[in-house]
Amino acid sequence: MPLPYSEIVMEHFKHPRNVGRIEDADAKSIEGSPACGDMVAVYLKVDGESQRIADVKFESYGCASNIATGSIITELAKGKTLQEAKAITWKQASEALGGLPPIKTHCSVLAVDGLRAAIQNYEERHGLVKERVPTTVEVVRKRLKRVMNPLTGLDLVRTKVVEDIEIAEGTVRVVIDLPADHQFAANIREEIIEKIEPLWDVDKVVVEFTE
Ligand code: FES
């Protein structure tokens with residue numbers, strides 16, 4: 001039985017706004033949904049002086065609801081300050097779409113999380129993070145929950161391949177229980193570095209594989 005999507009959802013799904021990537025983006029994020037394993041990437045261009053979002057684009061590897069939400073939140077976020085864009089909720093996005101079936105809530109949450117993570121990435125890269133809590137193993141583990149294991153479509157923590165995390169004098173060492181010549185090893189390393197390095201007290205990220 002087809003899901004009861006509103007006309008607005010269908011319109012945004014068929015003609016999504018702001019799809020694509022920004023090659024010289026000021027910030028970006030890739031978020032995965034723990035509920036379904038789908039992913040969304042968000043790219044931002046920010047006007048440094050006014051702190052307004054000059055451009056935003058997204059790529060969705062998710063379903064129709066996710067694509068429609070990505071489309072609407074990028075529309076809502078464009079031209080807003082980072083603070084204003086951070087305050088956009090999945091509820092606002094879903095209302096702007098004329099509602100989503102409850103079973104599809106996580107899809108709009110994923111798109112909104114993608115936008116927030118991109119804003120956070122910008123703030124970290126530009127020294128705008130106010131709450132400077134020290135990076136702990138738990139903080140690193142939480143970020144690794146956002147790195148997908150492409151073999152399974154689930155994150156590294158859930159697929160239990162994070163063997164060890166060590167933090168010493170600004171260096172974070174992550175040991176992944178996969179062979180170094182694994183087909184996705186380079187991707188996984190790159191994504192881990194991308195997620196951990198922006199943390200304010202991290203200078204270096206070392207990713208090791210067990211075999
Ligand atoms: Fe995965 Fe919608 S089912 S994003």
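**Close-up 1. Helix H2 lies across strands E2 and E3 of this predicted model**. H2 covers residues 64-77 and runs at about 175° to E3. Angles here go from 0 to 180 degrees between N-to-C directions, using axes fitted to C-alpha atoms, for helices over the stretch in contact; contact means heavy atoms within 4.5 Å. Helices (H or I, at least four residues) and strands (E, at least two) are DSSP runs, numbered from the N terminus.

**Close-up 2. Three strands make an open antiparallel sheet, in the order E1-E2-E3**. Strands E1 (27-32) and E3 (52-60) sit at the edges, each pairing on one side only. From one strand to the next, the twist averages 20°. Pairing takes at least two DSSP bridges between two strands.

**Close-up 3. Zooming in on E2 and E3, we get 8 bridges between antiparallel strands**. E2 spans residues 39-47. Val46 has Ile53 in E3 as its bridge partner.

**Close-up 4. Helix H5 lies across E1 and E2**. H5 runs at about 145° to E1. His106 belongs to this helix, which takes in residues 105-125.

**Close-up 5. His106 touches Ser33, Ala35 and Cys36, leaving aside residues up to four places away in sequence**. His106 is partly exposed, at 25% relative accessible area (buried is under 20%, exposed over 50%, partly exposed in between; 1.4 Å probe, protein chains only). Glu23 is 83 residues from His106 in sequence and 28 Å away in space, C-alpha to C-alpha.

**Notes.** Residues are numbered from 1 along each chain as its sequence is written, and side-chain values use heavy atoms, leaving out hydrogens and water. In this predicted model, local features need pLDDT of at least 70 and side-chain atom pairs count only at pLDDT 80 or more, while totals for chains, interfaces and linings use all residues.
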